[in-house]
Amino acid sequence: MDAKIELDAIDLRVLRALQTNARATYDELAAQVSLSASATLRRVKRLEDAGVIAGYVTLLHAERVGLPLTAYINVRLEKHTESHKRNPMDVFRASVQGWPEVIECASLTGEMDYLLRVVVADMAHYSRFVMNTLLKHPSVQDCKTSFVLDHVKATTALPI
């Protein structure tokens with residue numbers, strides 16, 4: 001795990017402002033955090049170089065791009081398998097990287113090993129993904145799905 005970076009009050013103001021609008025100009029950002037544009041640029045560059053700012057993305061509305069169905073899939077893996085020379089978890093982790101329907105994968109404690117957040121066009125797309133991809137994976141023993149009925153809160157902003 002990477003070491004925690006020491007952030008001062010100005011760093012936190014810069015990060016909060018960027019989480020709200022990463023497209024803000026340095027002049028706009030500087031006005032929000034009470035610094036000059038050049039000082040703000042140096043702060044942002046330092047935060048990027050330190051890995052505090054991991055990147056910049058455009059957030060899309062899944063429904064508006066034809067992916068209205070979200071499912072959370074709990075996955076249990078085989079613990080040992082004779083058919084693989086590699087650990088089943090390593091094989092699964094590598095495979096997940098190539099599945100575009102999976103937009104998030106977390107390793108879990110407890111009964112299940114992984115939680116996948118999956119977005120698909122419809123139930124037929126979901127069924128194809130589960131039957132033709134997930135359950136055919138040699139490391140997967142079982143899965144259980146919950147479908148999202150309503151998004152009550154969705155944010156990418158960290159509570160800093």
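**Notebook: helix packing and pockets**

I began with helices α2 and α3, whose axes come within 8 Å and cross at roughly 95 degrees. Angles of 65 to 115 degrees count as roughly perpendicular, and α2 is therefore roughly perpendicular to α3. I note here that the model is predicted.

I then looked up which residues make this contact. From α2, I listed Tyr26, Asp27, Leu29, Ala30 and Val33; in α3 they meet Ala37, Thr40, Leu41 and Val44.

**Entry on α1 and α2**

Next I turned to helix α1, residues 9–20, and helix α2, residues 26–33. I found that their axes come within 9 Å and cross at roughly 130 degrees. This angle makes α1 oblique to α2. I also looked up the handedness of the crossing of α1 and α2, and recorded it as right-handed.

On the α1 side of this contact I noted Arg13, Val14, Ala17 and Leu18, which meet Leu29, Gln32 and Val33 of α2. By class, the contact of α1 with α2 holds five nonpolar residues, one polar residue and one charged residue.

**Entry on α1 and α3**

Helix α3 covers residues 37–49. I read an angle of about 85 degrees for its packing with α1, and the two axes are 11 Å apart. The helices α1 and α3 are therefore roughly perpendicular to each other.

I listed Ile10, Asp11, Val14, Leu15 and Leu18 as the α1 residues of this contact, and Arg43, Val44, Arg46 and Leu47 as those of α3. The contact of α1 with α3 has six nonpolar and three charged residues, and no polar ones.

**Entry on the pockets**

I then looked up the largest pocket, and recorded a volume of about 1100 Å³. I found 27 residues in its lining, and those nearest its centre are Gln19, Val52, Ala54, Gly55 and Thr156. By class, I noted 17 nonpolar, seven polar and three charged residues in the lining of the largest pocket.

The second largest pocket has a volume of about 870 Å³. It is lined by 22 residues, and I recorded Leu60, Ala62, Ile103, Arg117 and Ala154 as the closest to its centre. I also asked which strands contribute to this lining: β1 (69–77), β2 (102–107) and β3 (114–120) each supply at least two residues. The lining of the second largest pocket divides into 11 nonpolar, six polar and five charged residues.

Definitions and conventions. Residues are numbered from 1 along each chain as its sequence is written. This is a predicted model: local features need pLDDT of at least 70, side-chain atom pairs count only at pLDDT 80 or more; totals for chains, interfaces and linings use all residues. Side-chain values use heavy atoms; hydrogens and water are left out. On a 1 Å grid over the protein atoms alone, a cavity is a set of points where a 1.4 Å probe fits but cannot get out, and a pocket is an open set with protein on both sides within 12 Å along at least five of seven lines; lining residues have an atom within 4 Å of a point. Grid points are joined across faces, edges and corners, and a volume is the space filled by probe spheres set on the points. Ala, Val, Leu, Ile, Met, Phe, Trp, Tyr, Cys and Pro count as nonpolar, Asp, Glu, Lys and Arg as charged, and the others, Gly among them, as polar. Helices (H or I, at least four residues) and strands (E, at least two) are DSSP runs, numbered from the N terminus. Axes are lines fitted to C-alpha atoms, for helices over the stretch in contact, and angles run from 0 to 180 degrees between N-to-C directions. Angles under 35 degrees count as roughly parallel, over 145 as roughly antiparallel, 65 to 115 as roughly perpendicular and the rest as oblique. A crossing is left-handed if the near helix is turned anticlockwise from the far one by less than a right angle, and right-handed if clockwise. Contact means heavy atoms within 4.5 Å.
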